[in-house]
Amino acid sequence: MKIIGFEKLSLVDYPGKVSCILFCGGCNMRCPYCHNGELVLNPDLFPPFDDDEIFSYLEKRRRILDAVVISGGEPTLQSGLDEYISRIRDLGLLVKLDTNGLRVDVLKNLVDRKLVDYVAMDVKNSLESYGRTCGVANVDTAAIKESIDFLKEGRVDYEFRTTVTRETHSEENFIALASLLSGAKAYYLQNFVANENTIEKGFSPLGYDELQNYIRILNKTIGNVQIRNL
Ligand code: SF4
């Protein structure tokens, strides 16, 4: 398990909890609007954090912290993820996993073993538009669908979320997403925010009225749809 980013305190990354965030490098997708371009493309440029440093911080702060968020990159690519999470849980902390859902077997294993308390899965787009949105033309959309359906079973607290850009998302996509995510517990639209570190340039956010239109479409099948980064 290689941690290459460490944010010591966050009030927003785990709903209702005080958390810290551990970032893993590398990813099995290449979303062109990804905010963590260097971390995804060149993880070896980042010196890894020492486990002792991280766990000594967690021990010292366990009364302030509720939870640890494991983010990326894509954490499910890391070997030793389950042992690492077990070590965090032994400190009495909750664990949230941020994932793109492509490694459905790893996700299911962590949930079945009750190693994670909350899962935030990025749903990039409708399945038809997944390849171009995530930068992997032949992406395994069956695995994505399996992860979505698995989380919808509600064995673990979860949310779906989609980063939306004007260049990658259309009304047609949201009509398909309303069907794909039908019955989901929580779905967040994250409006794109421009940043220096994206894998490619040329993306822009949507306007308030467009997002409201998409929420109206999604609300027909999903009870709790909210916007982040308006
Ligand atoms: S947005 Fe997430 S899934 Fe996409 S390339 Fe970046 S880290 Fe990977």
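**Entry 1: S71 and strand β3**

I began with S71, which has its place in strand β3; helices (H or I, at least four residues) and strands (E, at least two) are DSSP runs, numbered from the N terminus. This is a predicted model, where local features need pLDDT of at least 70 and side-chain atom pairs count only at pLDDT 80 or more, while totals for chains, interfaces and linings use all residues. Residues are numbered from 1 along each chain as its sequence is written, and side-chain values use heavy atoms, with hydrogens and water left out.

Is S71 buried or exposed? I noted S71 as buried because its relative accessibility is 10%; buried means under 20% relative accessible area, exposed over 50%, and partly exposed in between (1.4 Å probe, protein chains only). I then listed its contacts, meaning heavy atoms within 4.5 Å. Leaving aside neighbours within four places in sequence, S71 is in contact with I21, L22, F23, C24 and D98.

D98 has 5% relative accessibility, so it counts as buried. Neighbours within four places in sequence aside, D98 is in contact with V69, I70, S71, E74, P75, A120 and R161. I also checked D98 against R87: they are 11 residues apart in sequence and 18 Å apart in space, C-alpha to C-alpha.

**Entry 2: the ligand and a cis bond**

Which residues surround the ligand? I wrote down C27, M29, R30, C31, C34, V40, G73, N100 and K124, where near means that a heavy atom of the residue lies within 4 Å of the molecule or strand. This shell divides into 5 nonpolar, 2 polar and 2 charged residues. Here Ala, Val, Leu, Ile, Met, Phe, Trp, Tyr, Cys and Pro count as nonpolar, Asp, Glu, Lys and Arg as charged, and the others, Gly among them, as polar.

The peptide bond from G72 to G73 is cis, with omega near 10 degrees. I reminded myself that most peptide bonds are trans.

**Entry 3: the loop from α4 to β5**

I looked at two residues of this loop. K114 is found between α4 (104-112) and β5 (118-122), and V116 lies in the loop between α4 and β5 too. K114 has a positive phi of about 55 degrees although it is not a glycine. K114 counts as exposed because its relative accessibility is 62%.

V116 counts as buried, because its relative accessibility is 6%. What does V116 touch? Leaving aside neighbours within four places in sequence, I found I85, R89, V95, L97, L110, V111 and V156. V116 and R89 are 27 residues apart along the chain, and their C-alpha atoms are separated by 8.9 Å.

**Entry 4: the cores**

I turned to the largest nonpolar core, which has 67 residues. A nonpolar core is a set of buried Ala, Val, Leu, Ile, Met, Phe, Trp, Tyr and Cys residues joined through side-chain atoms within 4.5 Å. The residues with the most contacts inside the largest core are L58, I88, F160, L181 and Y187. A second, separate core of 8 residues includes L39, A67, V69 and Y118.

I148 is found in helix α6 (residues 141-152), and its relative accessible area is 0%, so I148 is buried. Not counting residues up to four places away in sequence, I148 touches M121, V123, F160, L180 and L181. I148 and S19 are 129 residues apart in sequence and 25 Å apart in space, C-alpha to C-alpha.

My last stop was S182, in the loop between α7 (171-180) and β7 (187-191). S182 counts as partly exposed because its relative accessibility is 35%. S182 touches K152, L177, T221 and I222, residues up to four places away in sequence not counted. From S182 to Y214, 32 residues apart in sequence, I read 14 Å in space, C-alpha to C-alpha.
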